Amino acid sequence: MLTEERYNLILERLQSQGVVKLQELIEAIGASESTIRRDLVDLESRHLLKRIHGGASLLNQRSQEPGMDEKTSKNIQEKDAIARLAAREIRDNECIYLDAGTTTLAMISYIEAENVTVVTNGLSHVEALVNQRIRSYLLGGMMKIHTKAVIGSIALQNMDNFRFDRCFLGTNGVDLELGYTTPDPEEALIKRRAHQLSGQTYVLADSSKIGEVTFAKLLDLNEAILITDSVPPHLRKGIAHKTKIIEGSAS
């Protein structure tokens, strides 16, 4: 296969998935690991992708956030593993906050604690909670069509009516120095307020988010427990020095 043909296949797969793993590319293209690694280096030098631990991702547009449907199709196994771990942290009779997002949404079917009350700003989350017969409250405010998340000043005022034992937040970036980030400053305000009203904060992030930085800061690393499927080895020591990590493989 010609080099440009390999490049086109890599970029097509990236456009459809957002993130691709090195092993996946080796199997799909039928080339050696060293060849694919060289291809990724060359494509990164052309500013067509970003190499990440174990693969590659589309170049990050810091102020743009993928929609709920797009996020649902990415890193499904990793998010499921994280969701299981997060749900185990919930205890009987607790009041918790579930942030809008696909990984927190996946938590709901794994909640086994009894007599739990959930507050959320996720439209999809309320439907899932009702189906699970879990007592739930949806924040009022402006609904983001793109992500089905409630944001804005009314949502912030609404949230002040509650206090939480734990909150579970999504993020788009986890950086050793810059902490947890998300593309939308208004969503960042909601997440930060949930943290302030909670006894314990967890941030849920699959490994593709680690090392990324987006537009609006949520928290410093030491303000929350990180729940993830894996941490790149070169970042593990630094992150573990700043916060507790709950980690579980997707396999």
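**Exercise 1.** Decide whether Glu187 counts as buried or exposed.

*Solution.* Buried means under 20% relative accessible area, exposed over 50%, and partly exposed in between (1.4 Å probe, protein chains only). Glu187 has 4% relative accessibility, so Glu187 counts as buried.

The model is predicted: local features need pLDDT of at least 70, side-chain atom pairs count only at pLDDT 80 or more, and totals for chains, interfaces and linings use all residues. Residues are numbered from 1 along each chain as its sequence is written, and side-chain values use heavy atoms, with hydrogens and water left out.

**Exercise 2.** Find the helix that holds Glu187 and the side chain with which the side chain of Glu187 makes a polar contact.

*Solution.* Helices (H or I, at least four residues) and strands (E, at least two) are DSSP runs, numbered from the N terminus. Glu187 lies in helix 9, residues 185–196. A polar contact is a pair of N or O atoms within 3.5 Å; within protein, one must be able to donate a hydrogen and the other to accept it, and residues adjacent in sequence count only if both atoms are side-chain atoms. The partner is the side chain of Lys144, at 2.9 Å.

**Exercise 3.** Describe the protein chain as a whole.

*Solution.* First, the elements: the chain has 10 helices and 15 strands. Next, burial: 50% of the 251 residues count as buried. Then the extent: the C-alpha trace spans about 60 × 35 × 35 Å along its principal axes. Last, contacts (heavy atoms within 4.5 Å): of those with a separation of 6 or more, 60% are between residues 24 or more positions apart.
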